[in-house]
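Q: Could you take me through this structure by asking, for each label, what value stands behind it and how the label follows?

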Amino acid sequence: MARVEIRSESCKSCQYCVKFCPKGVLAIGDKVNSKGYEYSVPVNMEACIACCICARMCPDAAIEVYK
Amino acid sequence: MEKIYARTKTIQEDKVSGFCPGCMHGTVIKLIGEVLEEMNIVDKAACVLGIGCCGLHMDYIAYDNTTAPHGRACAVATGMKRANPESLVFTYQGDGDFASIGLGESVSAANRGENITVIFINNGIYGMTGGQMAPTTLIGMKASTAPKGRIAEEHGYPMHMCEILNQLTAPAYLERTSCNTPANVVKTKKAIRKAFENQLNGKGFSMVEIVTSCPTNWGLEALDSLTYIEEKMLPEFPLGVIRDK
């Protein structure tokens, strides 16, 4: 059981987390934050293996991982 | 459930970085912060920021920092380190700052073997000032001051700072890394840690050159900039340890 938490206000929609997640947990959602970016959201949380690759790649320190 | 990857405390809790989407300045700042925390030396850290986009995290990080006149970060860091030898003094500079405007200060500090650490961000272009050509701009790469792309006969060739400093006797550690893949991010973090440890052990000048992207001034989407790094930047700037003594 693992979980990622994304600070939607910090996300700038670069999609590095989406590209590098080996399990397809994340995707760009259809809501926007106050800066106008469509932020990343977990769409398949059950598949998360807590590898932390998304958090390491995130340039904006927007992702935290729980296990 | 336990938090296994936490946002570093060296970034202010309520702040959002001022960098463009996909800019790897943020990645490197995060890695520096994580290394400082893991080594338990946040209180000792004294960062000298260059001018340009690298100065944007002045209000983003939570440890001591100052900004040097354009290009002079290594000279300012020299003074700080000599006055406070117990501090961990590092500069954070872009290619325009370190390799162009501050070339004299940078090479001189390396030649003196100053016991400082340089984090050198190489994205091949001036960012904040508007995408002008940098010394590290690739042949054929477009810049606002080279609208047809860099032409060797007119503008010279990309400069390789690690290799240039490798001609000097004094530097202790020179490594080139990137942040374009998860593996390279881990390697970059290790390199930053080693460079900081060198300073604490009094080994002298260490530099980590990090090949990063500038999606805005490259005119690319963030994801496409990763491909550009892999296909264009890395063949010109091969990764690896250039010197470790």
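Predicted model: local features only at pLDDT ≥ 70, side-chain atom pairs only at ≥ 80, totals over all residues.

Q: Why is B:Cys179 called buried?
A: A residue is buried if 20 or more other C-beta atoms lie within 10 Å of its own; B:Cys179 has 29 C-beta neighbours inside 10 Å, so it counts as buried. It lies in the loop between strand S6 (173-178) and H7 of chain B, and its contacts, leaving aside residues up to four places away in sequence, include B:Met24, B:Val28, B:Val185 and B:Ile210. B:Cys179 and B:Gly104, by comparison, are 75 residues apart in sequence and 27 Å apart in space, C-alpha to C-alpha.

Q: What makes B:Ser206 count as buried?
A: The count for B:Ser206 is 27 C-beta neighbours inside 10 Å, and because the label needs 20 or more, B:Ser206 counts as buried. This residue lies in strand S7 (residues 206-211) of chain B, where B:Ser206 touches, among others beyond four places in sequence, B:Thr117, B:Ala172 and B:Tyr173. B:Ser206 and B:Glu175 are 31 residues apart in sequence, with 8.5 Å between their C-alpha atoms.

Q: Is B:Asn40 buried or exposed, and how do you know?
A: The exposed label applies at 12 or fewer other C-beta atoms within 10 Å; B:Asn40 has 8, and is therefore exposed. B:Asn40 sits in the loop between H1 and strand S2 (45-49) of chain B, and has a positive phi of about 60 degrees although it is not a glycine. Most residues other than glycine have a negative phi.

Q: What makes chain A as compact as a globular protein of its length?
A: Chain A has 2 helices and 4 strands, which run β-α-β-β-α-β from the N terminus on. Its radius of gyration is 11 Å, close to the 11 Å that the globule rule gives for 67 residues, so chain A is as compact as a globular protein of that length. Of those 67 residues, 42% count as buried, and residues 24 or more positions apart account for 59% of the contacts in chain A with a separation of 6 or more.

Q: How do you know that strand S4 of chain A and S1(B) pair?
A: Pairing requires at least two bridges between the strands, and strand S4 (residues 63-66) of chain A and S1(B) have 2 bridges, in the antiparallel sense; A:Tyr66 stands opposite B:Lys3 there. The contact takes 23 residues from chain B and 23 residues from chain A, and on the side of chain B the residues divide into 14 nonpolar, 5 polar and 4 charged.

Notes: Residues numbered from 1 in each chain as written. Chains lettered and ligands numbered in written order. Contact = placed C-beta atoms within 7 Å. Nonpolar A, V, L, I, M, F, W, Y, C, P; charged D, E, K, R; others polar. Rg over C-alpha atoms; globule rule 2.2 N^0.38 Å.
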